[in-house]
Amino acid sequence: MTQIKVMIVDDHKMVREGLLVLLEDFEDLLVINQASDGEQALAMIEHECPDVILMDMIMPRMNGIEATRLVREKCPQTQVIALTSFSDEDHVQQSLKAGAIGYLMKDISGDDLAAAIRRAYNGESTLSPEAAQVLIHATTRPPSLGHDLTDREREVLVLMIEGLNNREIGEELVISASTVKNHVSSILSKLGTNSRTQAVALAVEHKIVD
């Protein structure tokens with residue numbers, strides 16, 4: 001029987017011990033290491049890369065998102081499952097972007113966790129219902145205001161916010177005033193307004209530009 005080597009990374013000792021007890025019931029799962037934060041986990045994988053890591057997201061010194069990214073760089077064959085109490089869009093998307101193959105809540109049952117570990121070992125993803133719902137919402141909501149602005153239009157908009165007129169914007173970007181006028185007209189159209197003042201207000205309110 002092939003044993004899947006598992007590492008548990010969580011800053012709470014009780015959580016680590018609870019997961020250890022939970023996984024001891026499964027003969028094909030072997031916990032080889034425990035770490036209290038991302039930095040400790042990275043030090044441990046220098047000696048042996050586990051097959052699957054159960055990674056908490058919120059930890060001191062190095063959070064789970066950064067640790068996931070670095071683990072995947074050092075041990076590309078190691079799969080990371082985010083195991084957390086947070087299901088907000090930012091945590092879900094950032095974890096998956098960092099390379100996590102799964103995203104699960106800490107209230108998961110032992111059988112479901114074991115199944116998720118086996119799936120991860122085989123390169124298959126498992127998402128909690130909460131994480132799946134977050135991703136569905138993110139892909140079905142309308143695009144954000146200003147998403148279709150070009151890079152040049154964003155540059156013009158930044159200068160509009162700073163209070164520069166078309167001539168001054170043209171001097172700043174080394175383009176003609178008529179070109180600036182065209183950019184401003186396009187910006188107003190894309191933001192759904194005829195007012196330069198309202199366009200600036202919308203840009204600030206919706207944080208369209210940095």
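Here is a short chat about a disulfide and a helix in a predicted model.

Student: Why is the pair C49 and C75 called a disulfide?

Tutor: The sulfur atoms of C49 and C75 lie 1.9 Å apart, and the cut-off is within 2.5 Å, so the pair qualifies. The structure holds 1 disulfide.

Student: What makes the link of C49 and C75 left-handed or right-handed?

Tutor: Look at the angle about the S-S bond: with -60 degrees, this link is left-handed.

Student: Where in the chain do the two cysteines sit?

Tutor: C49 is in the loop between α2 (38-45) and β3 (52-55), while C75 is in the loop between α3 (64-74) and β4 (79-84). They are 26 residues apart, and the pair links distant parts of the chain.

Student: Why is C75 called buried, and C49 partly exposed?

Tutor: Buried means under 20% relative accessible area. C75 has 1% relative accessibility, so C75 counts as buried. C49 has 22%, so C49 is partly exposed, since that class runs between buried and over 50%.

Student: What makes D37 a cap of α2?

Tutor: A side-chain oxygen of D37 lies 3.0 Å from the backbone nitrogen of E39. The cut-off for a polar contact is within 3.5 Å, so D37 caps the N-terminal end of α2.

Note on methods: Residues numbered from 1 in each chain as written. Predicted model: local features only at pLDDT ≥ 70, side-chain atom pairs only at ≥ 80, totals over all residues. Heavy atoms only, no water. Helix = DSSP H or I, 4+ residues; strand = E, 2+ residues; numbered from the N terminus. Buried < 20%, exposed > 50% of the residue type's maximum accessible area, 1.4 Å probe, protein only. Polar contact = N/O pair within 3.5 Å; in protein donor to acceptor, adjacent residues only side chain to side chain.
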